[in-house]
Amino acid sequence: MTSELPNTQWLTIPELVEVLGQSQSQVRRLIEDNALAAVRIDGILKVPAVFISEGEPVHELKGTIVLLRDCGFNDDELVEWLLSEEESLGTTPIQALLAGRKTEVRRIAQALL
C-alpha cells in the first residue's frame, strides 16, 4: 500500500532523532501517542517527512490520526489516506492540514466512518 506512494520522502527513527532533536524513546513515544504515524517499509519503521514541519510533528496531525483510528484505520491505511490526493480537498489531507484546513480535513475523515 504505502510503497505505492513513490514521491514520498520517508524518515527512519534515527533520522527523526536528528530532525526532532529528541531521543529514540521520545520519538517512539510521539508515534505511540498519535502525534506521528509510522509504517513498516521493508521491515523498517518510517514516518513521512511531510509529517514534520519546522522541526516538529505537524500539530494538527495528532487529532486527525486519532479520528482516523476511531474510524478503524490501521497505520498503513491512515498514512496512505493522509498522503493520497483527496478529490473533495483538491489536494492531499496532509497538505490541507499544513495549509490550516484542519476542520475541513477532519470533517471529511469523519465521513469515512
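Two strands pair if DSSP finds at least two bridges between them. With that in hand, welcome to this predicted model.

**View 1. Strands β1 and β3 side by side.** β1 and β3 (residues 44-48) are paired in the antiparallel sense, with 3 bridges. To find one of these links, look for Trp10, whose bridge partner in β3 is Pro48.

**View 2. The open sheet of 3 strands.** Across the sheet the order is β1-β3-β2, and the pairing is antiparallel. β1 (10-12) and β2 (39-41) are at the edges with a single partner strand each, so one side of each has no neighbour in the sheet. On average, neighbouring strands are turned by 55 degrees against each other, direction ignored.

**View 3. Helices on the sheet.** Here α1 packs on the sheet and touches β1 and β3, its direction making about 95 degrees with that of β1. Helix α4 (residues 75-83) lies across β1, β2 and β3, and runs at about 90 degrees to β2.

**View 4. Helix α1 meets helix α2.** The axes of α1 (residues 13-20) and α2 (residues 24-32) come within 9 Å and cross at roughly 100 degrees. Angles of 65 to 115 degrees count as roughly perpendicular, so α1 is roughly perpendicular to α2. Among the contact residues are Ile13 and Leu20 of α1, and Val27 and Ile31 of α2. By class, this contact has 8 nonpolar, 1 polar and 1 charged residues.

**View 5. Helix α3 alongside helix α6.** α3 (residues 61-70) and α6 (residues 102-110) pack at about 10 degrees, their axes 9 Å apart. This makes α3 roughly parallel to α6. Residues making the contact include Leu67 of α3 and Val105 of α6.

How values were computed. Residues numbered from 1 in each chain as written. Predicted model: local features only at pLDDT ≥ 70, side-chain atom pairs only at ≥ 80, totals over all residues. Heavy atoms only, no water. Axes fitted to C-alpha atoms, helices over the stretch in contact; angles between N-to-C directions. Helix = DSSP H or I, 4+ residues; strand = E, 2+ residues; numbered from the N terminus. Parallel < 35°, antiparallel > 145°, perpendicular 65-115°, else oblique. Contact = heavy atoms within 4.5 Å. Nonpolar A, V, L, I, M, F, W, Y, C, P; charged D, E, K, R; others polar.
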